[in-house]
Amino acid sequence: MVPGDGLILTQLRRGALEYCVLAMLQGGRLYGLDIARRLAAGQVLMSSEGTLYPLLARLRKAGLVSTTWQESTEGPPRRYYELTGPGVEALAAFRLAWAPFRDAVDAALTDG
């Protein structure tokens, strides 16, 4: 876990987590648990799976991801998530906004 105030991390996650999920899906479709494991690494982007599935549902309802069910040899069918055309566009727009935003925050923190 990164040291720091939990409220700060919560606020930072709220603005960026959905775009991190979209970026993960750019490489191809993923099972929800795979997404959760990747996000939970280091406990910086996500501290619990409880926030992921509502986020995935919002992305699906917004048309940014699509889902398919696939039979599993290890249990019940699994829901896989895949980026849609509008999801690709949303991720591209975020990437354009992110770099100057990140740079401005870094500059403000180092100039202070």
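## Overall make-up

Contact here means heavy atoms within 4.5 Å. Among contacts in the protein chain between residues at least 6 apart in sequence, 50% join residues at least 24 apart. The model is a predicted one.

The protein chain has four helices and three strands. Read from the N terminus, its elements follow the order α-β-α-α-β-β-α. The C-alpha trace spans about 55 × 30 × 20 Å along its principal axes. The chain has 112 residues, of which 26% count as buried. Its accessible surface is about 7,200 Å², and carbon and sulfur atoms account for 59% of that.

## The nonpolar core

In soluble globular proteins, nonpolar side chains tend to be buried together. In this model the largest nonpolar core comprises 19 residues. Val 21, Leu 25, Ile 35, Leu 39, Leu 52 and Leu 59 have the most contacts inside this core. Two or more residues of the core come from each of α1 (6-25), α2 (32-40), α3 (52-61) and β3 (75-83). The largest share is that of α1, which gives five residues.

Leu 59 shows how one of these core residues is surrounded. Leaving out residues up to four places away in sequence, Leu 59 touches Glu 18, Val 21, Leu 22, Leu 64 and Val 65. Val 21, one of these partners, is also among the residues with the most contacts inside the core.

## Strand β3: Tyr 80 and Leu 83

Two residues of strand β3 can be described in detail: Tyr 80 and Leu 83. Tyr 80 has a relative accessible area of 14% and is therefore buried, the limit for that class being under 20%. Beyond residues up to four places away in sequence, Tyr 80 touches Arg 29, Leu 30, Tyr 31, Ser 66, Thr 67, Thr 68 and Gln 70. The C-alpha atoms of Tyr 80 and Leu 33 are 9.4 Å apart in space, while the two residues are 47 residues apart in sequence.

Leu 83 is buried as well, because its relative accessibility is 15%. With residues up to four places away in sequence not counted, Leu 83 touches Leu 22, Leu 25, Gln 26, Leu 64 and Val 88. Leu 25, one of these partners, is among the core residues with the most contacts. Leu 83 and Thr 67 lie 16 residues apart along the chain, and 9.0 Å separates their C-alpha atoms.

Ser 72 lies in strand β2, which covers residues 65-72. Is Ser 72 buried or exposed? Its relative accessibility is 16%, so Ser 72 counts as buried.

A polar atom of the Ser 72 side chain lies 3.0 Å from the backbone nitrogen of Glu 74. Apart from neighbours within four places in sequence, Ser 72 is in contact with Pro 77 and Arg 78. Both Glu 74 and Arg 78 return in the next section, as partners of one another.

## Salt bridges

Side chains of opposite charge can pair when their charged atoms come close. How many salt bridges does a search of the whole structure find? The search finds two.

One of them joins Arg 78 and Glu 74, whose closest N and O atoms are 3.2 Å apart. Arg 78 has a relative accessibility of 22% and so counts as partly exposed. Glu 74 is exposed, because its relative accessible area is 68%. The limit for that class is over 50%.

Another salt bridge is made by the side chains of Arg 102 and Asp 103, with an N to O distance of 3.2 Å. Arg 102 is partly exposed, with a relative accessible area of 36%. Asp 103 is also partly exposed, at 40%.

Leu 109 belongs to helix α4, which runs over residues 85-111. Its relative accessible area is 66%, so Leu 109 is classed as exposed.

Definitions and conventions: Residues numbered from 1 in each chain as written. Predicted model: local features only at pLDDT ≥ 70, side-chain atom pairs only at ≥ 80, totals over all residues. Heavy atoms only, no water. Buried < 20%, exposed > 50% of the residue type's maximum accessible area, 1.4 Å probe, protein only. Core = buried A, V, L, I, M, F, W, Y, C linked by side-chain atoms within 4.5 Å. Polar contact = N/O pair within 3.5 Å; in protein donor to acceptor, adjacent residues only side chain to side chain. Areas by Shrake-Rupley, 256 points an atom, 1.4 Å probe, with all protein chains shown as cover. Salt bridge = Lys/Arg side-chain N within 4 Å of Asp/Glu carboxyl O.
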